[in-house]
Amino acid sequence: MPAGAAVVCVGAAVWLTAGWHRGSRRARLLLAGGGVVGVGPPPWERAVDELRRLRGRVPGEWWSLAAGLVLGLLGASVVPLVAGAAGVPVLRRVRLTGQRRRARERRADAVIALCGALAGEVRAGRQPGEALLRAARDSGGLADAQSAVLAAARFGGDVPGALTMAARRPGAEGLLGLAACWRVAVDQGAGLAAGLDRLDEALRAERDRRADLRAQLSGARATTVMLAVLPALGLLLGTAMGADPLHVLLHTGAGLGCLVLGGLLEAAGMWWAARIVRGAEAA
């Protein structure tokens with residue numbers, strides 16, 4: 001209990017000191033025109049900024065190897081280093097999955113912006129081909145498939161076919177609706193702007209549903225993060241109580257058995273929680 005209270009007090013002191021330094025730095029910057037400016041941020045803030053820049057340059061999965069190296073040196077064992085190296089491909093896969101998800105969301109937002117801009121251009125009295133050229137240039141909703149679609153629109157090609165091809169990219173599925181609206185408007189003389197408005201509303205509603213689902217699943221994601229952090233907190237708590245958990249885990253038979261069993265249970269729990277989240281998102 002005293003060790004835990006000391007850790008909490010030190011953390012609170014660091015947090016309050018950081019807030020005070022940020023406030024004083026902001027005040028110096030705001031009053032720079034009327035007085036003497038300080039010599040700059042304190043050394044610890046510069047160190048934090050350097051760490052952030054280093055984190056941006058180094059992929060996140062390599063920090064697993066660094067953590068394994070540190071634990072291996074502290075525990076005088078090669079097991080943490082091997083575990084850290086094994087975690088690099090797993091964390092890389094997680095990072096790449098997150099990048100693909102963010103790219104898919106950005107592409108879906110760009111398609112929604114394209115539909116809205118195209119509807120506005122059509123209402124302004126422009127022909128569909130010219131309106132698509134202007135809307136694509138302003139919204140960026142076609143991204144890497146822009147050249148093929150714009151060439152079809154400029155030279156009288158198969159615009160619906162080009163949009164269908166562009167819709168194969170993850171997140172750009174809304175271009176299928178745009179291709180259908182274009183085909184109906186050109187072939188049957190229907191109003192393109194009205195169809196684009198309905199398509200825009202449908203895409204926005206789908207995006208809102210995804211955002212609401214993501215908010216509802218935040219509890220399950222927090223559980224996954226907590227499962228990943230609990231072992232580290234247990235090691236810190238054991239060290240604060242005067243024990244030597246690294247020595248027990250890495251240099252005794254019972255400790256190694258507990259380490260292997262705990263690692264398997266940890267991996268199973270995180271996999272099960274991630275499976276629940278993925279299943280809910282897919283549904």
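## Ground rules

Residue numbers start from 1 along each chain as its sequence is written. In this predicted model, local features need pLDDT of at least 70, side-chain atom pairs count only at pLDDT 80 or more, and totals for chains, interfaces and linings use all residues, while side-chain values use heavy atoms, with hydrogens and water left out.

## Helices α4 and α9

Helix α4 spans residues 79-123, and helix α9 spans residues 192-216. Helices are DSSP runs (H or I, at least four residues), numbered from the N terminus. The axes of α4 and α9 lie 9 Å apart, at an angle of about 155°. Axes are lines fitted to C-alpha atoms over the stretch in contact, and angles run from 0 to 180 degrees between N-to-C directions. The two helices, α4 and α9, are therefore roughly antiparallel (an angle over 145 degrees).

Contact means heavy atoms within 4.5 Å. On the α4 side, the contact residues include Arg101, Glu105 and Ala108. On the α9 side, they include Leu192, Arg207 and Arg210. By class, the contact of α4 with α9 has 12 nonpolar, 1 polar and 10 charged residues. Nonpolar covers Ala, Val, Leu, Ile, Met, Phe, Trp, Tyr, Cys and Pro; charged covers Asp, Glu, Lys and Arg; the others, Gly among them, are polar.

## Helices α10 and α12

The axes of α10 and α12 come within 9 Å and cross at roughly 165°. These helices, α10 and α12, are therefore also roughly antiparallel to each other. Among the contact residues are Ala228 of α10 and Met270 of α12. The contact of α10 with α12 has 8 nonpolar, 2 polar and 3 charged residues.

## The largest pocket

A pocket is found on a 1 Å grid over the protein atoms alone: it is an open set of points where a 1.4 Å probe fits, with protein on both sides within 12 Å along at least five of seven lines, and its lining residues have an atom within 4 Å of a point. A volume is the space filled by probe spheres set on the points, which are joined across faces, edges and corners.

The largest pocket holds about 2500 Å³. It has 50 lining residues, and Val90, Leu91, Val94, Ala228 and Met270 are the closest to its centre. Helix α4 gives the most to this lining, with 17 residues. The lining has 27 nonpolar, 10 polar and 13 charged residues.

## The second largest pocket

The second largest pocket holds about 480 Å³. Its lining has 18 residues, with Arg104, Glu105, Glu206, Arg210 and Arg214 nearest its centre. Helices α4, α9 and α12 each give two or more residues. By class, this lining has 6 nonpolar, 2 polar and 10 charged residues.

Technical notes:
Angles under 35 degrees count as roughly parallel, over 145 as roughly antiparallel, 65 to 115 as roughly perpendicular and the rest as oblique.
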